[in-house]
Amino acid sequence: MNKADGLGNSSSDVRRKGELFNKYIKPYYDFIRRLCERYTASKHDVDENFNDVLLNLYIYIETYDESRDLRTWIHIVTKRHVFALDEKRRRHDNSIQGTECDIDRVPSCEIDNYDESEDYEKIYGDGIVRTLRSMPQIYRQAFMMQHHGMSLKEIAKALKESGDLKSGNINTVKTRIHVARKIFKESIDTEGNLLPKQ
């Protein structure tokens with residue numbers, strides 16, 4: 001019996017997505033990166049947008065119609081998603097300006113309402129969910145906050161306010177996210193399945 005992922009997809013569905021992603025998206029990483037650089041409002045958000053676009057393409061890869069030009073489809077999907085991410089940041093910034101919280105206290109207000117378990121178990125396959133669950137909290141937290149659209153600066157401030165980061169150093173946040181990505185690379189394959197333990 002096939003196990004289901006957080007979206008109710010069987011392991012064969014997850015495998016199919018991985019195959020399509022490897023076939024249609026991987027060869028165009030450089031192209032997608034250039035599109036992100038072109039359409040992202042701030043160059044500081046390019047890396048975050050690029051990673052989020054790749055995840056979005058993986059989730060919705062089965063919607064690609066092979067009768068359409070692949071590069072055109074990738075271009076449209078990437079452009080729309082980058083614009084949506086930038087708009088989400090803009091709304092987030094505007095909502096901060098409209099709160100009663102002191103601006104220096106906003107990150108702690110954010111983290112108080114942050115539930116890192118609310119999304120990933122509904123979106124990702126079993127391999128990704130298990131990797132997130134087994135990941136040390138300091139790495140998972142930084143990774144998921146970035147995935148929720150927070151900038152590195154926002155994450156550093158939020159973690160400092162919550163006591164999870166002593167200095168508020170952005171480089172420490174970068175390191176934590178890098179370690180989280182390394183854990184993913186060592187734990188799951190390109191299809192999102194757990195790799196056999198060595």
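# Asking how we know

Mentor: Follow the protein chain along its sequence and you get the pattern α-α-α-α-α-α-α-α-α-α. That is ten helices and zero strands. A helix here is a DSSP run of H or I with at least four residues, a strand is a run of E with at least two, and numbering starts from the N terminus.

Trainee: Before I dig in, what am I looking at?

Mentor: It's a predicted model, where local features need pLDDT of at least 70 and side-chain atom pairs count only at pLDDT 80 or more, while totals for chains, interfaces and linings use all residues. Residues are numbered from 1 along each chain as its sequence is written, and side-chain values use heavy atoms, with hydrogens and water left out.

Trainee: How do you know that the length of helix 3 (residues 46–59) agrees with what it should span?

Mentor: The expected span is 1.5 Å times one less than the number of residues. For the 14 residues of helix 3 that gives 20 Å, and its end C-alpha atoms are 20 Å apart, which agrees.

Trainee: Now the rings. Why is the pair of tyrosine 29 and phenylalanine 50 called edge-to-face?

Mentor: Rings of Phe, Tyr and Trp (its six-membered ring) pair if their centres lie within 6.5 Å; planes under 30 degrees apart count as stacked, over 60 as edge-to-face and the rest as tilted. By this rule there are seven aromatic pairs. In this one the centres are 6.3 Å apart and the planes sit at 85°, so it is edge-to-face. Tyrosine 29 lies in helix 2 (residues 29–39) and phenylalanine 50 in helix 3, so the pair ties together parts 21 residues apart in sequence. Phenylalanine 50 is buried at 13% relative accessible area, whereas tyrosine 29 is partly exposed at 28%.

Trainee: And what makes the pair of tyrosine 64 and tryptophan 73 tilted?

Mentor: Their ring centres are 5.1 Å apart and the planes are at 50°, so the pair is tilted. Tyrosine 64 and tryptophan 73 are both buried.

Trainee: Which residues do ring pairs link into a cluster?

Mentor: Phe21, Tyr29, Phe50 and Tyr58.

Trainee: Why are helix 9 and helix 10 called roughly perpendicular?

Mentor: Axes are lines fitted to C-alpha atoms, for helices over the stretch in contact, and angles run from 0 to 180 degrees between N-to-C directions. Under 35 degrees counts as roughly parallel, over 145 as roughly antiparallel, 65 to 115 as roughly perpendicular and the rest as oblique. Helix 9 (residues 152–162) and helix 10 (residues 170–187) pack at about 100°, with axes 9 Å apart, and therefore they are roughly perpendicular. Helix 9 brings Leu152, Lys153, Ile155, Ala156 and Leu159 to the contact, and helix 10 brings Ile170, Val173, Lys174, Arg176 and Ile177.

Trainee: Last one: how do you know that glutamine 146 counts as buried?

Mentor: Its relative accessibility is 10%, so it counts as buried. Glutamine 146 lies in helix 8, and apart from neighbours within four places in sequence it is in contact with Glu48, Leu152, Ile155, Ile177 and Arg181. Compare tyrosine 139, also placed in helix 8: with a relative accessible area of 22%, tyrosine 139 is partly exposed. Tyrosine 139 and valine 179 are 40 residues apart in sequence, yet 6.7 Å apart in space, C-alpha to C-alpha.

Notes:
Contact means heavy atoms within 4.5 Å. Buried means under 20% relative accessible area, exposed over 50%, partly exposed in between (1.4 Å probe, protein chains only).
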